[in-house]
Amino acid sequence: MVAGRSGIQKLWDLSERCLPDWTPREKLSEKEVVRRAAQKALRALGVATPQHINQHFTRKRYPHLNERLHELTAAGLIERLHVGDEKGEWVIHTADVPLLDRIEANDFAFERTTLLSPFDNPICDRARTAKLFNFDFTIEIYVPAHKRQYGYYVLPILHGDRMIGRIDPKMNREHGRLHIHAVHAEKDAPRDRATARAVRRAIEELAAFLGANEIHYTHRVPSGWQRDLLH
């Protein structure tokens, strides 16, 4: 397992020399691994199809997944449901049903604005992201610079329960400066000042996390957000 890093190089060691004494040593059957992994994936996803679960957590390593889901349903650990006009059955963990009831009763609102990693749960399954959020995302790290649409390591902007845009950042650690090469807004993203300020706070949170002393923007900022990002 990875025991540490030296610069960008991973340092490997035997797991028994790295893991603490309290690490579980229980050996699980393949069946039990799939049962537990499917529940962890489902709790992270909220609601999902079997295909979504298969793409999450222990990716593509769910032998006989449908059988395990039937067992979990029979045990009362997951419930089946339909999502809008989507074809096929979706599932939800019974522990999350009260949250679903609150959402349907308009008693729940996620108001935070934050930046997501390209590998974050709502992003890593690109097809699911496009279906649920109407947000197309591609990592352009390996795309030649002149062919990139948005940038090298782009971070999506999650605003409440919507993906409203993305930023193209780069940290200059030598000078303690976070460069924002561009801020992109989706076509239907709100352009009011409250949203702009929320985006600015999210970028400031990123800068604080990286230890940046200042943030430098280019003028590639959406109209409506410029006043609060550039001044």
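## Two crossing helices

In this predicted model, helices H1 and H3 are roughly perpendicular to each other, because angles from 65 to 115 degrees count as such. The axes of H1 and helix H3 (residues 65-74) cross at roughly 70° and come within 10 Å. Two packed helices are described by the angle between their axes and the distance between the axes.

Which residues make the meeting? From H1 come Lys-31, Val-34, Arg-35, Ala-38 and Gln-39, and from H3 come Leu-65, Arg-68, Leu-69, Glu-71 and Leu-72. Sorted by class, the residues of this contact are 5 nonpolar, 1 polar and 4 charged.

Look next at E4 and strand E5 (residues 90-93): they run antiparallel and are joined by 4 bridges. Arg-80 has Val-91 in E5 as its bridge partner.

A second open sheet has 5 strands, ordered E6-E7-E8-E9-E10, with mixed pairing. At its edges stand E6 and strand E10 (214-217), each with a single partner strand, so one side of each is left without a neighbour in the sheet. On average, and with direction ignored, neighbouring strands here are turned by 30° against each other.

Which way do strand E7 (residues 155-159) and E8 run, parallel or antiparallel? They run antiparallel, and 5 bridges join them.

## The largest pocket

Now for the open spaces. The largest pocket has a volume of about 1100 Å³. Its lining has 28 residues, and those nearest the centre are Leu-45, Gly-46, Ile-103, Phe-133 and Asp-161. Two or more lining residues come from each of H1, E5, helix H4 (97-104), helix H5 (121-124) and helix H6 (126-133).

H6 gives the largest share of this lining, with 4 residues. By class, the lining of the largest pocket holds 17 nonpolar, 5 polar and 6 charged residues.

## The second largest pocket

The second largest pocket has a volume of about 470 Å³. It is lined by 24 residues, and Tyr-153, Leu-155, Asp-168, Pro-169 and Lys-170 are the closest to its centre. Strand E6 (113-115), strand E8 (162-172), strand E9 (177-185) and helix H7 (193-210) each give two or more residues to this lining.

Helix H7 supplies the largest share, 5 residues. The lining of the second largest pocket divides into 14 nonpolar, 5 polar and 5 charged residues.

## A cavity inside

How many cavities of 30 Å³ or more are there? The count comes to 1, and about 40 Å³ of space lies in this largest cavity. Its lining is made of Pro-118, Phe-137, Thr-138, Ile-139, Glu-140, Gly-151, Tyr-152, Tyr-153 and Val-154. Of these lining residues, 6 are nonpolar, 2 are polar and 1 is charged.

Terms used
Residues are numbered from 1 along each chain as its sequence is written. This is a predicted model: local features need pLDDT of at least 70, side-chain atom pairs count only at pLDDT 80 or more; totals for chains, interfaces and linings use all residues. Side-chain values use heavy atoms; hydrogens and water are left out. Two strands pair if DSSP finds at least two bridges between them. On a 1 Å grid over the protein atoms alone, a cavity is a set of points where a 1.4 Å probe fits but cannot get out, and a pocket is an open set with protein on both sides within 12 Å along at least five of seven lines; lining residues have an atom within 4 Å of a point. Grid points are joined across faces, edges and corners, and a volume is the space filled by probe spheres set on the points. Ala, Val, Leu, Ile, Met, Phe, Trp, Tyr, Cys and Pro count as nonpolar, Asp, Glu, Lys and Arg as charged, and the others, Gly among them, as polar. Axes are lines fitted to C-alpha atoms, for helices over the stretch in contact, and angles run from 0 to 180 degrees between N-to-C directions. Angles under 35 degrees count as roughly parallel, over 145 as roughly antiparallel, 65 to 115 as roughly perpendicular and the rest as oblique. Contact means heavy atoms within 4.5 Å.
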